[in-house]
Amino acid sequence: ERQRAAETAARREQALAINELRDRGAQAVAEAEARRKEAADAVREESKALEAERRRALAEEEERRQEVIREIRALELVPRQRDKVLDPTFTAGHGLLDEMSLAELRERLALAKTRHAQDLE
């Protein structure tokens, strides 16, 4: 009987050890799952932060572009001063043989008028 009691006690201890090992295995699996979940949450949060930063940067860039467009449109609305300074001694530069400057044309016109006036007298 002692032997039987000893065997029973040994079996109980063995069963307790096996149950303890199972519990430790389940606990280790749960801990590993928790660590994986924490890592996944961390990656997800980092991805959200990066996406938010990317969107903010895109919004800033779009706002800067819109500001440049508004400035260009405002500049286009402002009338430009197109004063051309006319140099009366400059020819038009079309390459014609009888090309004259405005000063020369006026001088010849004045000579023609005086000749015409002399012819009439």
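Modeller: Start at E67, which is partly exposed, with a relative accessible area of 35%. Bear in mind that this is a predicted model. E67 has a partner, R70, and the two form a salt bridge. Their closest N and O atoms are 2.9 Å apart. That counts as a salt bridge because the rule asks for a side-chain nitrogen of Lys or Arg within 4 Å of a carboxyl oxygen of Asp or Glu. R70 is partly exposed too, at 41% relative accessible area.

Now look at where the pair sits. Both E67 and R70 belong to helix α1. They are three residues apart, which is about one turn of the helix. Helix α1 covers residues 2-77.

Step back along the helix to R54 and E51. Their side chains also meet in a salt bridge, 2.6 Å from N to O. Why is about one helical turn the gap between R54 and E51? They are three residues apart in helix α1, so about one turn separates them. R54 is partly exposed, with a relative accessible area of 44%. E51 is partly exposed as well, at 28%. Find R55 next. E51, R54 and R55 are linked in a network of salt bridges.

Go on to R36 and E33. These two form a salt bridge, and their closest N and O atoms are 2.6 Å apart. R36 and E33 both lie in α1, three residues apart, about one turn of the helix. E33 has a relative accessible area of 45%, so this residue is partly exposed. Across the model, the count comes to 13 salt bridges.

Charges are worth a look here. The chain carries 25 positive and 28 negative side chains. The centres of these two sets lie 9 Å apart.

For a contrast, turn to S101. This residue lies in the loop between α1 and α2, and α2 spans 102-120. Is S101 buried or exposed? S101 is buried, because its relative accessible area is 8% and the cut-off for buried is under 20%. Which residues touch S101, leaving aside its neighbours within four places in sequence? The contacts are P88, T89, F90 and T91. Burial takes in 1% of the 121 residues of the chain.

Finally, take in the whole chain. There are two helices and zero strands. The C-alpha trace spans about 170 × 30 × 15 Å along its principal axes. The radius of gyration is 51 Å, whereas a compact globule of 121 residues would have one near 14 Å. The accessible surface comes to about 12,000 Å². Carbon and sulfur atoms make up 55% of that surface.

Key
Residues are numbered from 1 along each chain as its sequence is written. This is a predicted model: local features need pLDDT of at least 70, side-chain atom pairs count only at pLDDT 80 or more; totals for chains, interfaces and linings use all residues. Side-chain values use heavy atoms; hydrogens and water are left out. Helices (H or I, at least four residues) and strands (E, at least two) are DSSP runs, numbered from the N terminus. Buried means under 20% relative accessible area, exposed over 50%, partly exposed in between (1.4 Å probe, protein chains only). Contact means heavy atoms within 4.5 Å. The radius of gyration is taken over C-alpha atoms; the globule rule is 2.2 Å times the number of residues to the power 0.38. Accessible areas come from the Shrake-Rupley method with a 1.4 Å probe; for residues, only the protein chains shown count as cover. Lys and Arg count as positive and Asp and Glu as negative; His and the chain ends are not counted. The place of a charge is taken as NZ of Lys, CZ of Arg, CG of Asp or CD of Glu.
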